[in-house]
Amino acid sequence: MNPAARRVQRVYLTLMLGNTLAASFIWGINTLFLLDAGLSNFEAFAANAFFTVGMVIFEIPTGVVADTVGRKASYLLGTITLVVTTGLYWMLWLWHAPFVWWAIVSVLLGLGFTFFSGAVEAWLVDALAATGYTGSLEAVFGRGLVVTGIAMFSGSVLGGVIAQVTDLGVPFLVRAGVLMLMFVFAYIVMKDLGFTPDRSAGPLKATRNVLTQSIEHGLKKRSVRYVIFSAPFAGGVGIYAFYALQPYLLELYGDPTAYSIAGLAAAVLSLAQVAGGLLAPRIRSLFRKRTSMVLAASLVSVGILVALGLNSLFWLAVLLLVVWGFVFAVAGPVRQAYLNDMIPSKQRATVLSFDSLFGSLGGVFIQPALGRAADLQGYGTSLVIGAVVELIGLPFLLASRRQQDPADARTIQADAAPPAGA
């Protein structure tokens, strides 16, 4: 990795560190926060579903911002939006607001995250190509997982402790403060490299072009299409399980007010993520194809969710959570690299946003359904049902594998450009 590429990686890792640290202050206590505001399990997970509705609605329009204004501009807009909506969430908690207001603000919270999805990842891949990096994308994404894992551990533990000694609202205020610091950092150091925004079209025409390109380079290309179609099942179940494990661990622990224990779910996942990010490139080398590794990880994930649902021991649940987080962390960089290597540079942010959109669609429907199952049958049963739903996505991954795309066996970046002046 040359000095210019190393600098790009440092900026990317700092962005991931700050974003994850800010977000993770509330990850360990978010479900408890919603329940404390007077929402039922169904309403709490429905609020999360409205967050994903926001991501579905705004994914394409914010993709237009990333492609026509710039990836840096998209990141800055996302940061400001999240600062405002996080503050609104805190105010709704103070007021014990009716569910309709939670739904509205959750949609706007989703808007904030859509400014990030696709844009930051596309910024990294294009900037690395522009600086002449020819190494594996798995290695860089793996380092990103290590950094975000450390941030996630620190933020989730601190968030749980802060909530324990103050109240469930303070971690949200801390989150807003960190996001404001990240805005200043990105404004100073982030530059769009290897990418020139296309401002020739107006907003409506640009949105139309984004949809067309998403279909042309996403849905019309079979190997990409099937990966995107698998996203709703793994994504929807994954986000539900992550948030359901907070009250479920407290239930197994026997103390519903032990907020620091609730933070343990996110903290344990973060440690597993660090290990998975470090080992992802090595484990990838054990498989001839990227899809083989992703499929194996998906099957293990399904098995662990079933075991978590049937288990009644707190510490065994923690152990299973570690394995689940490790498997997720190992498979994540490989899936990212596989998808990135199948997409042309110019359409990268667009198609990645489209992939994120499909993942969000899963959250819209799966989260409230599993939340209702938790109300009626308990968290354990809802996790078992989630495992069955995740299985539905496996045939799509198999279909992508059957296309024999060269990216499935690739180990280095596909579209690296020579450094400037070379």
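Colleague: How many residues does the largest nonpolar core have, and which have the most contacts inside it?

Modeller: First the general idea. A nonpolar core is a set of buried Ala, Val, Leu, Ile, Met, Phe, Trp, Tyr and Cys residues joined through side-chain atoms within 4.5 Å. Buried means under 20% relative accessible area, exposed over 50%, partly exposed in between, with a 1.4 Å probe and protein chains only. Here the largest core has 93 residues. Ile 29, Phe 33, Tyr 75, Tyr 89 and Trp 102 have the most contacts inside it. Helix H10, residues 222–253, gives the most to this core, with 12 residues. Helices are DSSP runs (H or I, at least four residues), numbered from the N terminus.

This is a predicted model: local features need pLDDT of at least 70, side-chain atom pairs count only at pLDDT 80 or more, and totals for chains, interfaces and linings use all residues. Residues are numbered from 1 along each chain as its sequence is written, and side-chain values use heavy atoms, leaving out hydrogens and water.

Colleague: Which residues does Tyr 89 touch?

Modeller: Contact means heavy atoms within 4.5 Å. Leaving aside residues up to four places away in sequence, Tyr 89 touches several residues, among them Asn 30, Phe 33, Trp 102 and Phe 172. A second, separate core has 16 residues, including Leu 219 and Leu 357.

Colleague: Where is His 96?

Modeller: His 96 sits in the loop between helix H4 (71–95) and helix H5 (99–114). Its phi is near 50°, positive in a residue other than glycine.

Colleague: Why does Gln 404 count as exposed?

Modeller: Because its relative accessibility is 53%. Gln 404 lies in the segment after helix H16 (394–401).

How values were computed. Helices (H or I, at least four residues) and strands (E, at least two) are DSSP runs, numbered from the N terminus.
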